[in-house]
Amino acid sequence: MSVAQAVAQPVAVSRRLAIRFRPSRVVLNVVLILVALFWMVPTISLLVISFRPEGLYGVSGWWTVFTEPSQLTLQNYQSLLGTGLGTGGILDSLITTALITVPATALVTVIASLAAYSLVFGKWRGRTAVFLVIVGLLVVPVQVALIPVAQLYHAFGNLTGFNPYGTLPGVVIFHVAFGLPFGIFLMRNFYTGIPKDLLEAGRIDGAGEWTLFRRVVLPLGVPAAASLAIFQFIWVWNDLLVGLVFLGGNAHHTLTIFLYSQTRTLAASYWVIATGAMISIIVPLAIFFAFQRYFVRGVLAGAVK
Amino acid sequence: MARVALEELTKRYAGGNLAVDRLNLDIADGEFVCLVGPSGCGKTTALRMIAGLEDITSGRVRIGEKVVNLLPPRDRDIALVFQSYALYPHMSVYDNMAFGLQLRKTPKPQIEKAVKEAARILDLERFLDRKPGQLSGGQRQRVALGRAIVREPAAFLMDEPLSNLDAKLRVQTRAEIARLHQRLEATMIYVTHDQVEAMTMADRIAVINEGLLQQVGTPKELYEQPHNRFVAGFIGSPSMNFVETASHRNGKAELQGEGVNLVLDDAQAARLRDRGLEAVVVGFRPEHLKVGEPGGPGLRVSARIDVVEFLGNDELIHAVSGGRDTVAIVEADARLAVGDTVSLWAEPRHVYLFDPQSEVSLGGA
């Protein structure tokens, strides 16, 4: 403990005792709650709009719902979901988005974990150089790669007869390729913190590389892998550009394309956008809360010393 | 259980740094050998080469009769206890100990029996379901030992297993490891920088400095007949006093150094004559100094007392003569005070002579 900490401790103790009685504390909390509410206003408005009748949109503000709760209705959801699984409908888009997002997230998490294992615990020359190149790739903007990758897909199609352009695998591969640099960066930095002794202990206990990865490193990397999975999931789920370009003429499109297509030059179906956005948000939110418990810190406590 | 032999074992790092230099050491089946030396002397590197965690530049490691140079750690039938314990934090104590057996496809009931038995020996039965993070340092250390025991390896390797424990726990665990060795009759190779640990536990000690083996022997041999100045200074606590001396030309066999006067006995004088040495380094242990004057041949130190450390029965004295510090342990009732000039002496049999160039002991003592 440093001198500064030692000196600061009695103060910290007295502050902890005083928590309940300090008015400044109350003010602070009120301010924080207000800021949080302010931040949530757009989302709340979208939520309210999605539960108001379509006809009321141009007539009264969404906030009137607080004085007239009778406005609330499930009608928007019924009509939007009522179209069923027809191609181009919202449920079809939801499935398309899931078919892209789930494999793209799983692949990035798995490949990044494996690559990071090799970069941190492997014994080959040039690991640092390879890692630096991968980090360098982080600066490449997606937009720069759209046309070259499309050309690459066509060339691949000419060569093999399967042109990924306009197909779901094509979009997934693109997302995986662009998710990997960050994924590897994140996982490598986390794995660097795993004591080498643990792997050596494993080697002596009789583990090969694959067992070490699966039974020692992977379980310890769960917090990092969970963060990566959540990030990657949200990025891919919310992607519009890549889907728009690479799904091309595909009749099935993603949720973001579905919502985007509701905006027209002179008008927009706001009820569809609001309701669709809510449906779209639910999945990432559910994922976030499901994985949140893996963010628990200090899983390495007790490994060494 | 097996014998372990190191033959001309050498480690040279990519930068050219020679960490271990032609180490030869034969460790008998069931023997407890300590590799001891200052930090960076190569003792841990040697251990890691035995374990298979470090490539061997040249030389051989034999476990049993088999040369294991090219075998991966898992095929060497050894267990290593790490300084950091290196417990798997996501596994329970039980799984930490069982992991090695699980990987070797040992049948479940057999694993359970081995783990339970190890837990009983190490008094860990209550903690089998806990994670390492919920254990104290001493308990973690015992889990690390348990992980090694359940494997029933040909040899136990230990890399400073006590250095992360507090002083009291260290003494306790030291006894526990010694007991464990007697009980398992296992070959143990134990690395430490603490000569007290080595002295108290080992059957034999190998002193290493700068990659080179200095001396191998029982604790008593190393203490009584150190081969050279390094071993003499490293073994024993507090460490030996050294003085550079030159012969005093008055016809008698007498050496003089700063604040020190040594009248040689016949054997010592003969040894000096045989080697044609005029100057030697004289060494004497603090515990062999007594207050007073030697009657006949022997060593005499006269110095001014600088610091007195009360140890209970004894006192540790730091005394200065010129620029040189002499440490002595004397009985507390000698009533010495800081500032006093004191005269200390030691018998000839407690005086060590070293060649000033090679620092090799001239023998005797």
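Predicted model: local features only at pLDDT ≥ 70, side-chain atom pairs only at ≥ 80, totals over all residues.
1. Helix H10 (residues 222-238) and helix H13 (residues 270-291), both of chain A, pack with their axes 10 Å apart and at an angle of about 180 degrees. H10(A) is therefore roughly antiparallel to H13(A). On the H10(A) side, the contact uses A:Ala226, A:Ala229, A:Ile230, A:Phe233, A:Ile234 and A:Trp237. H13(A) answers with A:Val283, A:Pro284, A:Ile287, A:Phe288 and A:Phe291. The class count is 11 nonpolar, no polar and no charged residues.

2. The spacing on H10(A) deserves a look. An α-helix has 3.6 residues a turn, so residues three or four places apart point the same way. Among the contact residues of H10(A) are A:Ala226, A:Ile230, A:Phe233 and A:Trp237.

3. Is A:Ala225 buried or exposed? It has 23 C-beta neighbours inside 10 Å, and the cut-off for burial is 20 or more, so A:Ala225 counts as buried. Beyond its neighbours within four places in sequence, A:Ala225 is in contact with A:Thr109 and A:Ser113. A:Ala106 is 119 residues away from A:Ala225 in sequence. In space, the C-alpha atoms of A:Ala225 and A:Ala106 are 10 Å apart.

4. Now chain A as a whole. Its secondary structure consists of 13 helices and 0 strands. Chain A has 305 residues, and 29% of them are buried. Take the contacts in chain A with a separation of 6 or more: 70% of these join residues 24 or more positions apart.

5. Chain B has an open sheet of 6 strands. The order is S6-S7-S8-S3-S9-S10, and the pairing is mixed. Strand S6 (78-81) and strand S10 (212-217) of chain B stand at the edges. Each has a single partner strand, so one side of each lacks a neighbour in the sheet. From one strand to the next, the twist averages 15 degrees.

6. Within that order, strand S7 (residues 155-159) and strand S8 (residues 187-192) of chain B run parallel and are joined by 5 bridges. Which residue of S8(B) stands opposite B:Leu157? That residue is B:Ile189.

7. Strand S1 (residues 4-12) of chain B has antiparallel pairings to check. Strand S2 (residues 18-27) of chain B pairs with S1(B) over 6 bridges, in the antiparallel sense. B:Ala5 has B:Asp26 as its bridge partner in S2(B). S1(B) and S2(B) form a hairpin with 5 residues between them. In the turn, B:Gly16 has a positive phi of about 100 degrees. Strand S4 (residues 58-63) of chain B also pairs with S1(B) in the antiparallel sense, over 5 bridges. Here B:Glu7 stands opposite B:Arg60 in S4(B).

8. Helix H1 (residues 43-51) of chain B has 9 of its 9 residues buried, so it is largely enclosed by the rest of the structure. The buried set includes B:Lys43 and B:Arg48, along with B:Leu47, B:Met49 and B:Ile50. B:Gly52 follows H1(B), with a positive phi near 95 degrees.

9. Last, a helix pair in chain B. The axes of helix H2 (residues 93-103) and helix H4 (residues 137-150) of chain B come within 8 Å and cross at roughly 30 degrees. H2(B) is therefore roughly parallel to H4(B). The crossing of H2(B) past H4(B) is right-handed. H2(B) contributes B:Val93, B:Asn96, B:Met97, B:Gly100 and B:Leu101 to the contact. H4(B) contributes B:Val143, B:Gly146, B:Arg147 and B:Val150. By class, this contact has 5 nonpolar, 3 polar and 1 charged residues.

How values were computed:
Residues numbered from 1 in each chain as written. Chains lettered and ligands numbered in written order. Axes fitted to C-alpha atoms, helices over the stretch in contact; angles between N-to-C directions. Helix = DSSP H or I, 4+ residues; strand = E, 2+ residues; numbered from the N terminus. Parallel < 35°, antiparallel > 145°, perpendicular 65-115°, else oblique. Contact = placed C-beta atoms within 7 Å. Nonpolar A, V, L, I, M, F, W, Y, C, P; charged D, E, K, R; others polar. Pairing = 2+ DSSP bridges. Buried ≥ 20, exposed ≤ 12 C-beta atoms within 10 Å, placed from the backbone. Left-handed = near helix turned anticlockwise from the far one by under 90°.
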